[in-house]
Amino acid sequence: MTTALLLVVALAAGCTSGSQFTTPTSGRPLGKPSTAPSGAGGAANKSGGLDIPAADWQPCPDAYKGVFPTPPQNVQFTCATVKVPKDWNNPKDSGTYDIAMVRGRSSSQRDRVGSLFINPGGPGGSGFDYGVYRSVYLPAEIVRRFDIIGFDPRGVGRSSPVKCFADADLDQNFGIDPDPTSDEGFQTFVTVTRRMAQSCGDKYGDQLPLFSTEQTARDLDALRASVGEPQLTYLGYSYGTLLGAVYAQLFPKNVRALVLDGAVDPTQSMQVSAEKQAAGFELAFTNFSKWCQSNASSCPIGPDARAVVMKAIADARTNPVTGAGGRKATSGWVFTAVVSSLYSESSWRLLAQAMEDLRNGKPTKMFQLADAYAERDQNGHYSNMFDANSAVNCADSDDTPTIEQDRTLQGQWRQKYPLFGGPLALNLICAQWPGKRDPYPTGPATGSAPIVVIGTVGDPATPYEQAPALAKMLGVGTLVTWKGEGHTAYPQTGCIIDAVNRYFIDLKVPAAGTTCEK
């Protein structure tokens, strides 16, 4: 999956680039000081002081559906559900959530190392579906040596899902002007997001803080214990790097090997992180525009792609193109399509053609890009990705700017980042979130094994500078740099593949300063 953008929560930090998926990112808030006990955790079948029953794996040959049109060859899927406490601070009396796992095992498996857990990002992306996908599309050497385990975190997909946003409200949210300049337009945005936030408060009430990243990290250790692994081997993308970092702080002695790709810097405030993301998307769009200038045969909107896209958004504010079924290609949908395309360089050609078609009165390809990001189907129904995205992001945040601060930042950032600054300033749903907050710890993973942190120079969703910051914060992080485009790096290029494979299999940590060329 790639990452997604929820205008009410800022841009999304999603999954790997170059896949069929799309998942959400968001500015990451500043957490509370680390209180993780050194060496927390314990034996393979214990977590958080609890005895964790062994996972009851059952054949689930239909797990591929929704990911592949036909069953993948040479891989068998089994599934299990693990019950975890709703509140790890009160594990015996708070009730339980169900966490869904899928295990992909190659028919050619040999010299098995163990289980490799995967998280695609978001928050809100389905790790279950992504585990199915990566059971096929990870390097063959990894698939032969590991069971690939995907899981939907609490509140996501198959794991006691949060669902409180109406389809009509999501349509309005994505379609609304992403950067309203008039007071009337801004207040409309405030009203929509207030209604969405309140719908979650009405439905979940005091449970809302329980969808925090720290609670999920504790779930992850329970999953580790349920499969009998004494230590965790983990591949986290985008938001999944935050989940991995929190895990390493809470359970440092339980870390075998963690790869954190598309790094999130947990120490940044929500405001700083959102501005960095605006700069990252602005840079990615500039790179797309330069590509258009040099590839006229592949980019029908060149040589000034920025002017074409800015005009398309402006025109859509007053005279949106009408598509099939009377659906309007409003400015919000056009903007979402642009965001969707910037997670992977492989989508640039589609963006160029979508914008050309749009100015010729045909919005089909534009909607294709936008709907992939929004996880909206042809009938106008949404997955719960953005419900979960909001629940996690807002639970994690204790420094959310107010509506008035957002309005001020909107004008300031628009001047610095003309296309993305205004929209990314408007984190209006968390500003109106009714739930209590549970910010995650930020600090070193003292006592942990070495952790590999990967940053991509042209990453729009999790800008590169966050990678060295995360490696430094952890204290045991080794930075690997890819001079490429798009969101996340593994397994995009041979140099990165080799470094990660050797680390996962042989625990050979890449040399400090390892840099892979595009």
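Asp459 is found in the loop between strand S16 (451–458) and helix H16 (466–474); helices (H or I, at least four residues) and strands (E, at least two) are DSSP runs, numbered from the N terminus. This is a predicted model, where local features need pLDDT of at least 70 and side-chain atom pairs count only at pLDDT 80 or more, while totals for chains, interfaces and linings use all residues. Residues are numbered from 1 along each chain as its sequence is written, and side-chain values use heavy atoms, leaving out hydrogens and water.

User: How do you know that Asp459 has no salt bridge?
Analyst: A salt bridge needs a side-chain nitrogen of Lys or Arg within 4 Å of a carboxyl oxygen of Asp or Glu. The nearest side chain of opposite charge, Arg134, is 13 Å away, so Asp459 has none.

User: What makes the Asp459 and His487 side chains a polar contact?
Analyst: They come to 2.9 Å.

User: Why is strand S11 called largely enclosed?
Analyst: Because 6 of the 6 residues in S11 (residues 232–237) are buried, meaning under 20% relative accessible area with a 1.4 Å probe, protein chains only.

User: What makes S11 and S12 (residues 255–261) a pair?
Analyst: Strands pair if DSSP finds at least two bridges between them. S11 and S12 run parallel and have 6, so they qualify.

Definitions and conventions: Buried < 20%, exposed > 50% of the residue type's maximum accessible area, 1.4 Å probe, protein only. Lys, Arg positive; Asp, Glu negative; His and termini not counted. Polar contact = N/O pair within 3.5 Å; in protein donor to acceptor, adjacent residues only side chain to side chain.
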